[in-house]
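Dear colleague,

Please find below the structure that I am handing over to you. A summary of the findings follows it.

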Amino acid sequence: MLCAAPALLDAFAPLLRPNEPLAGRTSFRIGGPAEWLLEPATEEEFAGAWATACRAGLPVHVLGGGSNLLVSDAGVPGVVFSTRQLDGKPHAQGSRVSVRAGTRLAQLVSFAAQAGLAGLEGLAGIPGTVGGAVRMNAGGRHGTIGPCVAAVRSVDRAGSFVTRPGSEITWAYRSMDLDEPIVAVELALTPEEPRLIRERITANLAAKRTVQPTELHSAGCFFRNPPGESAGRLIEAAGLKGARVGEACVSEKHANFIVNLGQATAADVRALAERVRDGVRARFHLSLEPEVRYWPETRA
Ligand code: EPU
């Protein structure tokens, strides 16, 4: 147990779970436990516990949908803050939609379609939560979430809420420059006939199912696309489709997906990712960078 945990225990004991397994909370279904998991039900609870943990100097992590994450087999020291209970139905006012960070992205996408509000169709089929999607500037060929974000509400280390307009955030490829837990988001969308929005969603979902191994556990695209290139194409051209370490495998369907065949460990995935990097480096003199986040950052 961490010596600083009692500070948190005193005030937030009913919310804290020691040694909580994380594998089932990730799309990879891999990894050890969180030393402590804290799942606040309100933004205020979240902010108070976050400030207490930061003040105590505990290592802190934020867990959304766990869909871009590789948790080490040994687990994660410190406190993992889950946003799972910060969810709820999105709320529309005109073409603005407010939503809590723990709401599933899929729920937001279908809510917007039903409300006749366009802009999020490119996010159809992407797993995870709204907070995670904003933090990673999730997206694909048909757009990312960043341009639709009107405002982001986050919590600073002192436990105060900060609201930033989307226009003041720097949105980049699968990243943005706000490194604070996000608790709520406001989107600015464009009115359009629901039928047309739904048609685009259906087409995007079908296209995804054709080229991606959506039926297997994975963390989506494993590596970032190098500028002007496709990591999947490079990995395939390096002859690595089907490469395997333990039960981790480079998907035969899309080479930028590492899939869990059932009992893969984080160490299997890390070793396979290294083999892929080495193979692509040897063939193309190019170093692939993971898009997937490792917890903790130095170990598998
Ligand atoms: N390709 C191959 N072999 C493969 C995979 C792809 O040759 O195994 C070729 C394709 O034929 C195509 C090109 O590579 O010519 C690009 O492939 P694809 O259209 O599948 O797109 P991608 O660049 O691999 C990106 C995002 C995905 C997103 C799709 C569709 C990244 C790293 N990947 O994939 O995002 O879903 O476009 O919009 O940005 C994610 O971020 O987790 C993710 C899956």
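This is a predicted model: local features need pLDDT of at least 70, side-chain atom pairs count only at pLDDT 80 or more; totals for chains, interfaces and linings use all residues.

Which element supplies the largest share of the shell around the ligand? That element is helix 6, with 3 residues. Helices (H or I, at least four residues) and strands (E, at least two) are DSSP runs, numbered from the N terminus.

Residues are numbered from 1 along each chain as its sequence is written, and side-chain values use heavy atoms, with hydrogens and water left out.

The ligand

The shell around the ligand includes at least two residues from each of strand 9 (139–140), strand 17 (217–221) and helix 6 (231–237). There are 21 residues around the ligand, and those that come nearest are Arg-141, Cys-221, Asn-225, Glu-236 and Ala-255; a residue is near a molecule if one of its heavy atoms lies within 4 Å of it. By type, the shell consists of 5 nonpolar, 9 polar and 7 charged residues. Here Ala, Val, Leu, Ile, Met, Phe, Trp, Tyr, Cys and Pro count as nonpolar, Asp, Glu, Lys and Arg as charged, and the others, Gly among them, as polar.

Glu-236 places a polar side-chain atom 2.5 Å from a nitrogen atom of the ligand. Tyr-173 has a polar side-chain atom 2.9 Å from an oxygen atom of the ligand, and for Lys-208 a side-chain N or O atom is 3.1 Å from a ligand oxygen. On its own the ligand has 810 Å² of accessible area, of which the protein covers 73% (Shrake-Rupley method, 1.4 Å probe).

The cysteines

The count of disulfides, pairs of cysteine sulfur atoms within 2.5 Å, is 0. The cysteine sulfur closest to that of Cys-148 belongs to Cys-221 and is 20 Å away, which is too far for a bond. Cys-148 is buried, at 9% relative accessibility, whereas Cys-221 is partly exposed at 24%. Buried means under 20% relative accessible area, exposed over 50%, and partly exposed in between (1.4 Å probe, protein chains only).

Two loops

Gly-24 sits in the loop between strand 1 (16–21) and strand 2 (33–38) and is exposed, at 58% relative accessibility. Ser-72, in the loop between strand 4 (69–71) and strand 5 (76–82), is buried at 1%. The side chain of Ser-72 reaches the backbone nitrogen of Ala-74 at 3.0 Å.

With kind regards

Conventions: A polar contact is a pair of N or O atoms within 3.5 Å; within protein, one must be able to donate a hydrogen and the other to accept it, and residues adjacent in sequence count only if both atoms are side-chain atoms.
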